[in-house]
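Thanks for sending this one over. Here are my notes, written to be read with the model open beside you.

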Amino acid sequence: MSVLDPRPLGSTPLVVSPITLGASSLGNPERSPADPVALAEEMLGAPFAVVDTSNNYAGGASETALGRALDARGGLTDGHSIVTKVDVGLDGRFDRDRVWRSYEESVEKLGIERFPLVHLHDPWATTVEEASAPGGAIQGMVELREQGLVGSIGIAVGEISLETAYVRTGVFDALLTHNRFTLVDRRAEDLIAEANDRGMGVFNAAPFGGGLLAGTGTRYAYREAPADLLAWLGRLRGLCGEWGLAVPAAALHFSLRHAGIHSTVVGVGRPERIRELEKLYATAIPDDFWPEVEKLGTPPSTIDD
């Protein structure tokens with residue numbers, strides 16, 4: 001299947017679609033009841049160019065399912081890619097050697113030896129100074145790129161201050177931010193602009209805030225939404241009703257319409273979700289709708305970093 005609306009990820013060689021399929025739930029029966037390998041096959045055959053995973057998603061089951069699906073499909077089809085992330089070790093180390101070992105673990109599970117992009121994922125176990133020093137995680141990331149084992153390297157973390165510090169090292173080609181540029185929270189806007197100025201590729205993940213804006217719960221960014229946020233969401237629902245729009249369509253297109261965001265990462269836990277995303281993507285949102293959203297006032301996010 002040909003990919004939908006392909007475009008470059010910033011200055012990197014990676015080609016993405018406006019939507020990237022997130023595999024954080026893949027292989028986790030509590031979050032995704034679907035057969036993981038069958039779902040992985042659906043994701044790899046979807047009209048979206050990239051599937052985003054990580055070495056530690058679902059305890060490694062996400063990459064394992066994708067690897068088995070690749071075997072079943074005979075590999076990736078033209079225009080499709082898998083992007084993964086290196087993660088901290090069980091011993092809490094996240095240095096140069098751990099970056100390499102994490103990469104090797106991903107190779108073993110996925111059966112892919114060269115990735116178009118690998119992110120340094122949630123480096124909370126080390127400081128930026130430690131990561132930047134000889135023997136640190138950044139050395140490992142750069143070595144992977146220099147040796148041609150990965151095409152580009154990225155930084156993927158939630159906290160804006162930490163992600164900004166890594167962006168400003170000037171080492172990374174891409175960033176992935178999550179839950180911080182949505183209808184509820186706009187705090188990643190300056191970081192996205194800085195990344196654009198540096199020619200970096202930008203993924204914006206979790207446009208639904210983990211479910212609140214998708215209508216699948218009352219939590220935003222892993223925290224229970226307070227009453228004032230739920231009240232704001234009620235006003236948003238009323239506005240969307242006046243315009244004949246669904247809140248999830250507005251939430252997705254809020255990210256899609258940002259010129260500095262090259263691809264929006266949406267988690268997929270069931271096959272029908274892929275078709276739902278195609279329909280949401282095809283929804284036309286009038287330009288005049290967005291000023292009306294701004295009139296609702298600043299939404300009270302649950303995030304305080």
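The points below go from the barrel to one of its helices, then to a serine and the salt bridges.

1. First, a reminder that this is a predicted model. Please read each distance and angle below as a value computed from predicted coordinates.

2. Eight strands form a closed barrel in the order S3-S4-S5-S6-S7-S8-S9-S12, with parallel pairing. On average, neighbouring strands of this sheet are turned by 30° against each other, direction ignored.

3. Which residue of S7 is the bridge partner of leucine 117? That partner is serine 152.

4. Helix H9 (residues 247-256) lies across S3, strand S9 (201-205) and strand S12 (263-267). Against S12, H9 runs at about 145°.

5. Just after H7, glycine 199 takes a positive phi of about 80°.

6. Is serine 17 buried or exposed? Serine 17 has a relative accessible area of 0%, so it counts as buried. You will find serine 17 in the loop between strand S2 (15-16) and strand S3 (19-22). Beyond its neighbours within four places in sequence, serine 17 is in contact with residues including Val3, Asp5, Arg7, Phe48 and His262. A polar atom of the serine 17 side chain lies 2.9 Å from the backbone nitrogen of alanine 49. Histidine 80 is 63 residues from serine 17 in sequence, yet their C-alpha atoms are 9.6 Å apart in space.

7. On to charge pairs: how many salt bridges does the structure hold? The count is 23. One of them joins the side chains of aspartate 305 and arginine 180, at 2.4 Å from N to O. This pair links distant parts of the chain, 125 residues apart: aspartate 305 is in the segment after helix H11 (289-294), and arginine 180 is in the loop between strand S8 (174-178) and helix H7 (189-197). Arginine 180 counts as buried because its relative accessibility is 7%, whereas aspartate 305, at 36%, is partly exposed.

8. Another bridge brings together the side chains of arginine 186 and glutamate 294, at 3.3 Å from N to O. Here too the pair links distant parts of the chain, 108 residues apart, with arginine 186 in the loop between S8 and H7 and glutamate 294 in helix H11. Both count as partly exposed, arginine 186 at 23% relative accessibility and glutamate 294 at 46%.

9. Finally, salt bridges that share partners join Arg98, Arg101, Glu104, Glu105 and Glu108 into one network. Within it, the closest N and O atoms of arginine 101 and glutamate 108 are 3.3 Å apart. Arginine 101 is partly exposed, with a relative accessible area of 35%, and glutamate 108 is exposed, at 55%.

Conventions:
Residues are numbered from 1 along each chain as its sequence is written. This is a predicted model: local features need pLDDT of at least 70, side-chain atom pairs count only at pLDDT 80 or more; totals for chains, interfaces and linings use all residues. Side-chain values use heavy atoms; hydrogens and water are left out. Helices (H or I, at least four residues) and strands (E, at least two) are DSSP runs, numbered from the N terminus. Buried means under 20% relative accessible area, exposed over 50%, partly exposed in between (1.4 Å probe, protein chains only). Contact means heavy atoms within 4.5 Å. A polar contact is a pair of N or O atoms within 3.5 Å; within protein, one must be able to donate a hydrogen and the other to accept it, and residues adjacent in sequence count only if both atoms are side-chain atoms. A salt bridge is a side-chain nitrogen of Lys or Arg within 4 Å of a carboxyl oxygen of Asp or Glu. Two strands pair if DSSP finds at least two bridges between them. Axes are lines fitted to C-alpha atoms, for helices over the stretch in contact, and angles run from 0 to 180 degrees between N-to-C directions.
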